[in-house]
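User: Hi! I'm new to this one, could you walk me through it?
Analyst: Happy to, let's bring it up.
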Amino acid sequence: MKIKSLCFILVLLVSGSVSTIHASASGHKVKELQIGESFGGVDGTMIIQNLKTDKEYIYNKKRSTTRYTPESTFKVANALIGLQTKAVSDEYEVKRWDGVTREFEDWNRDHSLASGMRYSVIWFYQELARDIGAQNMQEYVNMIHYGNRDISGGIDHFWLDSSLHISAKEQVHFIEKLVDEKLPIDKQHMRTVKRIMINEEADDYVLHGKTGTRLSDMGLGWYVGYIETDKGKWAFATNLDGSGSTAKAITLEALKELEIIK
């Protein structure tokens with residue numbers, strides 16, 4: 001088994017996917033990803049962390065600790081807080097569309113917590129945030145240690161190109177706590193949110209994730225989440241100067257290169 005693992009690492013080194021191996025300050029075994037070409041010349045970062053062994057793959061370590069607005073990746077935290085504060089009863093509770101035609105066709109209808117996550121419906125989660133209220137929202141953003149914890153940008157806007165900022169490193173830590181069910185949230189609510197985050201179910205893996213794009217200029221994209229395989233669970237966070245869909249595509253490419261998925 002050791003020989004097989006060594007051979008796999010050597011293959012990655014030869015292919016240029018992984019280079020220097022070292023230990024981080026947190027004790028994690030860090031491998032630097034050499035995947036700059038996948039980013040197409042734009043600035044970005046990626047972290048993929050094995051939640052059992054704490055092995056980390058990182059591209060652009062400096063950017064990985066730089067905070068950016070979370071955009072729609074905050075829907076994960078928003079859903080957790082909404083359930084915990086009873087602003088929404090479950091994943092099926094529907095909020096009625098207000099009749100205002102918005103830029104994406106899928107937004108122009110009634111939605112539930114689950115469908116609002118699936119189609120990244122901003123108006124649904126803005127209404128949810130208003131129902132949660134500023135006091136409750138601030139309390140829970142503090143309790144889950146979400147980025148800079150600054151919601152001063154307005155209860156229905158602070159995560160959208162506004163006051164709240166978080167790094168890729170912090171996103172991975174938040175996801176790790178969610179996967180391990182160690183957030184200050186009822187376990188049933190964490191399980192609900194993990195379920196509605198499912199993007200893809202295959203024979204050998206289940207992918208949970210949330211994209212986010214800064215819609216004002218399409219200049220910031222995120223893909224955050226985790227993947228379950230027979231061999232373990234991996235949390236990830238990618239951001240770049242582009243769209244969330246691009247961040248997702250690059251993340252999936254890296255997961256395949258690392259043979260975490262096929």
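Analyst: A word on terms to begin: a helix here is a DSSP run, H or I, of at least four residues, and helices are numbered from the N terminus. Also, this is a predicted model.
User: Okay, which helix is Leu113 found in?
Analyst: Leu113 belongs to helix α4, which covers residues 113-118.
User: And is Leu113 buried or exposed?
Analyst: Leu113 has a relative accessible area of 0%, and buried means under 20%, so Leu113 is buried.
User: What is Leu113 in contact with, leaving aside its neighbours within four places in sequence?
Analyst: Its contacts include Ala79, Leu83, Phe124, Tyr125 and Ile196. Leu83 is 30 residues away along the chain, with 9.5 Å between the two C-alpha atoms.
User: Changing topic: how do α3 and α8 cross?
Analyst: The axes of α3 (residues 75-84) and α8 (residues 187-196) come within 9 Å and cross at roughly 145 degrees. The crossing is right-handed.
User: Which residues meet there, in α3 and α8?
Analyst: From α3 there are Val76, Ala79, Leu80, Leu83 and Gln84, and they meet His189, Met190, Thr192 and Val193 of α8. In that contact, 6 residues are nonpolar, 3 are polar and none is charged.
User: Nice. How many aromatic pairs does the structure hold?
Analyst: There are 11 aromatic pairs. Ring pairs also join Phe74, Tyr146, Phe158, Trp159 and Phe174 in a cluster.
User: And which ring does the charged end of Arg109 sit over?
Analyst: That would be the ring of Tyr119, with the charged end of Arg109 4.9 Å from the ring's centre. Lys95 lies over the face of Phe124, 5.8 Å from the ring centre.

Notes
Residues are numbered from 1 along each chain as its sequence is written. This is a predicted model: local features need pLDDT of at least 70, side-chain atom pairs count only at pLDDT 80 or more; totals for chains, interfaces and linings use all residues. Side-chain values use heavy atoms; hydrogens and water are left out. Axes are lines fitted to C-alpha atoms, for helices over the stretch in contact, and angles run from 0 to 180 degrees between N-to-C directions. Helices (H or I, at least four residues) and strands (E, at least two) are DSSP runs, numbered from the N terminus. A crossing is left-handed if the near helix is turned anticlockwise from the far one by less than a right angle, and right-handed if clockwise. Contact means heavy atoms within 4.5 Å. Ala, Val, Leu, Ile, Met, Phe, Trp, Tyr, Cys and Pro count as nonpolar, Asp, Glu, Lys and Arg as charged, and the others, Gly among them, as polar. Buried means under 20% relative accessible area, exposed over 50%, partly exposed in between (1.4 Å probe, protein chains only). Rings of Phe, Tyr and Trp (its six-membered ring) pair if their centres lie within 6.5 Å; planes under 30 degrees apart count as stacked, over 60 as edge-to-face and the rest as tilted. A charge sits over a ring if NZ of Lys or CZ of Arg is within 6 Å of the ring centre and within 35 degrees of the ring normal.
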